[in-house]
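Visitor: I'd like to learn how to read a model like this one. Could you take me through it feature by feature?

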Number of protein chains: 2
Amino acid sequence: MATITEVAKLAGVSKGTVSNVFSGKRPISQQVKTRVLEAAATLNYKPNYWARTLAIKKTKMIGLNFLSDEHQFSQFHLSLINGVLSECYKSGYRLLINALSNEYQTDIEHLARDPIDGEILLDPSLDDQRIEERLRENLPVIVIGNPPSGLSESLSYVDNDNVEAARKLTSHLLKLGHEHISFINAPSQRTVSVDRRTGYEKAFVEAGMTYRDEWVISIPPEESSAEFGYTTATRLLKKEKCGAMITDNERCAMGVYHAAKEMGIRIPEDLSVASFSEESFVSRFSPPLTSVQLNGGHLGQAAARQLLAELKMEEAESTRSAGRIIVPTDFIQGASSAPIKINIR
Amino acid sequence: MATITEVAKLAGVSKGTVSNVFSGKRPISQQVKTRVLEAAATLNYKPNYWARTLAIKKTKMIGLNFLSDEHQFSQFHLSLINGVLSECYKSGYRLLINALSNEYQTDIEHLARDPIDGEILLDPSLDDQRIEERLRENLPVIVIGNPPSGLSESLSYVDNDNVEAARKLTSHLLKLGHEHISFINAPSQRTVSVDRRTGYEKAFVEAGMTYRDEWVISIPPEESSAEFGYTTATRLLKKEKCGAMITDNERCAMGVYHAAKEMGIRIPEDLSVASFSEESFVSRFSPPLTSVQLNGGHLGQAAARQLLAELKMEEAESTRSAGRIIVPTDFIQGASSAPIKINIR
DNA sequence: CTGTTAGCGCTTTCAT
DNA sequence: ATGAAAGCGCTAACAG
């Protein structure tokens with residue numbers, strides 16, 4: 001690739017002028033401009049992104065960070081990414097996905113701050129190192145989910161009200177007369193699992209009912225949701241007389257459906273299922289899944305918008321505001337939950 | 001953030017030494033190394049990605065490029081991205097998603113070669129400008145899909161055999177006795193739509209049957225698949241006596257299911273549906289969708305692997321090989337297709 | 001409106 | 001095994 005110097009020479013102008021033709025940062029006479037553009041065209045020149053970045057210290061890229069050991073996106077993440085992208089699209093930012101293995105993240109030889117202007121952090125956990133690390137690097141950051149305690153004050157984040165979401169789901173099942181409600185919860189180190197458990201317990205207390213600790217089971221971090229849903233449901237449905245189940249996500253619910261079908265247990269007649277989920281999915285279950293919609297697309301969009309706004313503020317040297325955005329969840333009544341009285345088992 | 005100069009000063013060594021501690025490119029005595037690392041730790045230093053990039057001309061990032069006007073990923077893309085990421089994960093590459101609007105892509109002020117070492121191009125179209133552009137920039141590129149004619153010789157790409165996939169689907173329906181088979185095809189400027197149409201016609205010829213040109217309908221580029229599937233099916237099912245339909249993707253198939261349900265047309269008794277699709281999806285339809293699986297995850301993985309291999313070759317200055325990889329498709333017999341004899345309409 | 005010059009933070013010869 | 005100095009390609013003052 002040609003450099004700015006060659007273009008300047010060919011066009012008979014200075015480097016600075018060429019630079020300004022491409023950045024538009026100061027007025028250039030029409031004739032010079034066309035001469036430069038022609039020279040650039042014949043030399044097949046495009047400005048070098050890295051050199052520019054080094055000079056202006058802005059990459060026009062934002063990062064998306066999720067825990068490095070699970071390098072696979074889910075349905076929820078897909079919507080979320082689409083939400084983020086739609087904002088990037090409007091603002092001229094690129095999206096960098098860092099899915100490096102821990103090996104690369106920690107090796108001295110690969111140690112480097114990601115080449116981004118700001119970052120969106122997914123799936124915060126209770127002992128999350130990432131947030132403090134970014135703060136130390138002075139990298140604008142926004143968390144999707146509930147940040148671990150202590151940090152939530154100084155930080156922007158967007159989240160659902162997961163306490164309320166879990167309460168709604170649990171309360172729905174309690175009202176249907178269920179007493180024994182198993183809850184296949186998110187991995188226990190995620191902050192979201194704490195919130196949801198709180199909501200679950202709250203619903204029981206409100207209803208004047210009692211739950212048992214062992215009814216709440218966390219998905220092991222490394223395990224596939226679908227698989228764990230399947231094996232857990234199989235185990236539970238064999239031993240206990242659990243008439244209702246809440247699942248962490250739609251893949252997990254699929255596992256439960258699968259297990260139930262295999263054992264000849266009918267949904268919702270013999271077993272009620274309700275789940276957290278991503279919008280577009282639930283209608284594809286049969287029976288359609290009763291669920292709380294997380295609206296991943298909105299979460300992603302809100303997060304990106306907030307981050308990009310902060311970046312703009314920073315440029316204008318205003319103070320950074322710690323915005324907190326709660327994206328509402330929607331309760332969708334499907335056909336997978338029914339009153340306990342029709343349970344025949 | 002501290003710079004390498006400050007670290008060097010604090011550790012009482014030269015810049016070059018600090019550099020080599022972090023790159024591991026030449027041996028450093030243990031005592032100097034620890035002194036440097038300590039200095040770096042107290043100053044909170046990390047090597048600057050852009051400065052390094054400018055010097056070594058490698059970004060360790062690859063790009064994922066899709067047509068800029070549709071900045072939303074589909075289910076198929078999700079699997080594909082996951083496939084790409086799993087390879088990046090292993091090789092220490094980051095993934096850059098460029099979803100800039102056309103405005104940004106073409107403005108002189110935003111003109112710049114993406115800061116990537118190589119790129120994966122999605123959804124090639126017949127008049128695709130992107131490929132030649134990349135070739136001109138001498139950027140290693142790999143296409144997912146069938147490149148436009150003329151370019152396929154000099155280029156690496158990974159693709160399904162879409163001619164065969166369409167033939168299988170069509171032939172399946174023909175064998176069931178269907179004669180009038182509507183085909184809601186991919187947007188017509190995509191190379192994939194040409195291939196699939198070829199396969200569709202091939203099946204008819206093989207069966208000694210005749211098709212009509214108007215049975216093949218392309219999804220307009222800007223339209224949502226689900227919406228177009230719905231409106232088209234509604235229209236077709238009203239006017240014509242079409243007993244079978246092939247759809248471009250699962251969202252489109254959903255639209256067809258929806259339309260059929262609304263009109264009281266039963267699948268598969270009154271209407272057979274078969275579709276191209278992404279694996280995990282089809283089982284969620286009721287009835288389960290007869291389909292050909294594209295294996296997006298494999299496509300993404302193969303593409304990334306090939307690209308990363310080429311980048312490695314380039315470093316070793318060997319010649320670039322134009323690899324062509326065909327990822328097999330799987331025909332899945334669902335319950336959405338049935339012999340025409342049970343059609344009662 | 002345009003030219004000149006000094007960096008941006010790192011890597012990489014070439015010395016020692 | 002380490003240091004010194006010359007860039008990588010661009011931008012940003014400062015002049016004019």
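Visitor: Let me start with one residue: is Ile81(B) buried or exposed?

Guide: A residue counts as buried if 20 or more other C-beta atoms lie within 10 Å of its own, as exposed if 12 or fewer do, and as partly exposed in between, with C-beta atoms placed from the backbone. Ile81(B) is buried, because 28 other C-beta atoms lie within 10 Å. Keep in mind that this is a predicted model, where local features need pLDDT of at least 70 and side-chain atom pairs count only at pLDDT 80 or more, while totals for chains, interfaces and linings use all residues. Residues are numbered from 1 along each chain as its sequence is written, and chains are lettered from A and ligands numbered from 1 in the order in which they are written.

Visitor: Where does Ile81(B) lie, and which residues is Ile81(B) in contact with?

Guide: Helices (H or I, at least four residues) and strands (E, at least two) are DSSP runs, numbered from the N terminus. Ile81(B) belongs to helix 5 of chain B, residues 75–91. Contact means that two C-beta atoms, placed from the backbone, lie within 7 Å. Leaving aside neighbours within four places in sequence, Ile81(B) is in contact with Leu64(B), Phe73(B), Gly300(B) and, from the other chain, Phe73(A).

Visitor: That takes me to the chain interface. How many residues of chain A are in contact with chain B?

Guide: There are 46 residues of chain A in contact with 46 residues of chain B. On the side of chain A, the elements giving two or more residues are helix 2 (15–23), helix 4 (49–56), helix 5 (75–91), strand 2 (94–98) and helix 7 (130–137). Helix 5 of chain A gives the largest share, eight residues. For the classes, Ala, Val, Leu, Ile, Met, Phe, Trp, Tyr, Cys and Pro count as nonpolar, Asp, Glu, Lys and Arg as charged, and the others, Gly among them, as polar. This side of chain A divides into 24 nonpolar, 13 polar and nine charged residues.

Visitor: How should I read strand pairing, and in which sense does strand 2 of chain A pair with strand 2 of chain B?

Guide: In general, strands of a sheet pair through backbone hydrogen bonds, either parallel or antiparallel. Two strands pair here if DSSP finds at least two bridges between them. Strand 2 of chain A and strand 2 of chain B (residues 94–98) pair in the antiparallel sense over three bridges. In that pairing, Leu95(B) is the bridge partner of Ile97(A).

Visitor: What is the strand order of the sheet of 12 strands?

Guide: The order is 11(A)-5(A)-4(A)-3(A)-1(A)-2(A)-2(B)-1(B)-3(B)-4(B)-5(B)-11(B), in an open sheet with mixed pairing. Its edge strands, each pairing on one side only, are strand 11 (324–326) of chain A and strand 11 (324–327) of chain B. Strand 5 (residues 156–159) of chain A runs parallel to strand 11 of chain A, and three bridges join them. There, Tyr157(A) stands opposite Arg324(A).

Visitor: And what order do the strands take in the sheet of six strands?

Guide: That open sheet in chain A has the order 7-6-8-9-10-12, and the pairing is mixed. Strand 7 (216–218) and strand 12 (330–332) of chain A are the edge strands. Within chain A, strand 9 (residues 272–277) and strand 10 (residues 290–293) pair in the parallel sense over four bridges, with Ala274(A) opposite Thr290(A).

Visitor: Now the DNA. Which residues come nearest to DNA strand C?

Guide: A residue is near a strand if its C-beta atom, placed from the backbone, lies within 6 Å of it. Of the 28 residues around DNA strand C, Gly16(A), Ile4(B), Gly16(B), Ser19(B) and Ala51(B) come nearest. Helix 2 of chain B gives the largest share of this surface, six residues. By class, the surface has 13 nonpolar, 10 polar and five charged residues.

Visitor: Which residues come nearest to DNA strand D?

Guide: Of the 27 residues around DNA strand D, those are Ile4(A), Ser19(A), Ala51(A), Ala55(A) and Gly16(B). The surface near DNA strand D has 13 nonpolar, nine polar and five charged residues.
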